[in-house]
Amino acid sequence: MRTERITIDNAYAEASIAKIKSTVGNGRALCALSGGVDSTVCAALMSRAIGQNLVCIFVDTGLMRLNEGDEVEKLFHDNFNSQFIRIHAEDRFLSKLAGITDPETKRKIIGEEFIRVFEEEAKKLGAVDFLVQGTIYPDIAESGVGQALVKSHHNVGGLPDVIDFKEIIEPLRDLYKDEVRALGTTLGMPDTLVHRQPFPGPGLAVRVIGEITKPKLDTLRHADHIFREEIARAGLSTKIWQYFAIITDTKTVGMQNNARTYGNVIALRAVHSTDATSAQVAHLPYDLLATIVERITTEVTGCTRVVYDVTPKPPATIEWE
């Protein structure tokens, strides 16, 4: 595990840009863009280095939060000057994930399918030698590179053995999350991008316990939206590292409209962290939690119970899968 800190300043940024230029030369690169902090900072760095030779592809897997696909597209067009392509691939990903319940298998399926989509798009674009990913140091560490496996990140342990690219470029692979944010600021990116809440590459796939289905995703999207909306309303959105909902693979008995129900259990998670290698539980006000629970159990169809995860990292990871 890396312990020393890296100083992020203009010299570091310029050295990274020079290294990218040396690697890519006059070639073209395809950047996997999710809209999250890591891939966005990665795209900004690559754009600074190779300009119009960069093509950013956003694969809309159907595993995004409510309205997030449209938000990512607008975010890119408002802040970047490189080519942007959005691929609508919900049916493709959900069909590959149908019937799968094991978290590691899910991640590997998603990792391979991402690569296959990028390969197909690269062929349409002509000669594209390089695939760019916003992999950061915790992704590599947790995927068991040089230490014990915690979970395979889709962009590390989830990659297929054979890919149709000359090389994968990962300019952020030595950085922790806070260092990535510092690099984004150094590159002149707006705070609204640099300080976005972390969102996992596999998306909601790691927040759906058990088999991933469209109804479960829609239920989760609705509950997660309510949670994030109430956090923002309480003025806490910039004070908590990460907060999100999970749909468990458990159903429980409840009472709604004077009748017995048997519905989904939604878990809520909110944590404080600096670099994602450890995390402490955010102590949300009880009145706020009560409001969130009331809204979710009232407004989200088929949800009868809400629980709050109070486990730090370690022993838990931040995400549930």
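Predicted model: local features only at pLDDT ≥ 70, side-chain atom pairs only at ≥ 80, totals over all residues.
**First stop: the largest pocket**

Begin by selecting H195, R196, Q197, S237 and Y243, which lie nearest the centre of the largest pocket. The space inside amounts to about 610 Å³, and 21 residues line the pocket. Next, colour α3 (68–79), α8 (191–194) and α9 (214–233), the elements that each give two or more residues to this lining. Of these, α9 gives the most, with 4 residues. A colouring by residue class will show 9 charged, 7 polar and 5 nonpolar residues in the lining of the largest pocket.

**Second stop: α9 and α10**

The crossing is right-handed.

Now display the side chains of the contact. On α9, select H222, A223, I226, F227, E229, E230, I231 and R233; on α10, select L288, T291, I292, R295, I296 and E299. By class, the residues of this contact comprise 7 nonpolar, 5 charged and 2 polar.

How do they cross? The crossing of α2 with α7 is left-handed.

For the contact itself, select V37, D38, V41 and L45 in α2, then K177, V180, R181, L183 and G184 in α7. The residues of this contact divide into 5 nonpolar, 3 charged and 1 polar.

**Last stop: the second largest pocket**

Finish by selecting K19, I20, I169, E170 and P171, which lie nearest the centre of the second largest pocket. Its volume is about 330 Å³, and its lining is made up of 13 residues. The largest share comes from α1, with 6 residues. By class, the lining of the second largest pocket has 6 nonpolar, 5 charged and 2 polar residues.

Key
Residues numbered from 1 in each chain as written. Heavy atoms only, no water. Left-handed = near helix turned anticlockwise from the far one by under 90°. Contact = heavy atoms within 4.5 Å. Nonpolar A, V, L, I, M, F, W, Y, C, P; charged D, E, K, R; others polar. 1 Å grid on protein atoms, 1.4 Å probe; cavity = no way out; pocket = protein on both sides within 12 Å on 5 of 7 lines; lining within 4 Å. Points joined across faces, edges and corners; volume = space filled by probe spheres on them.
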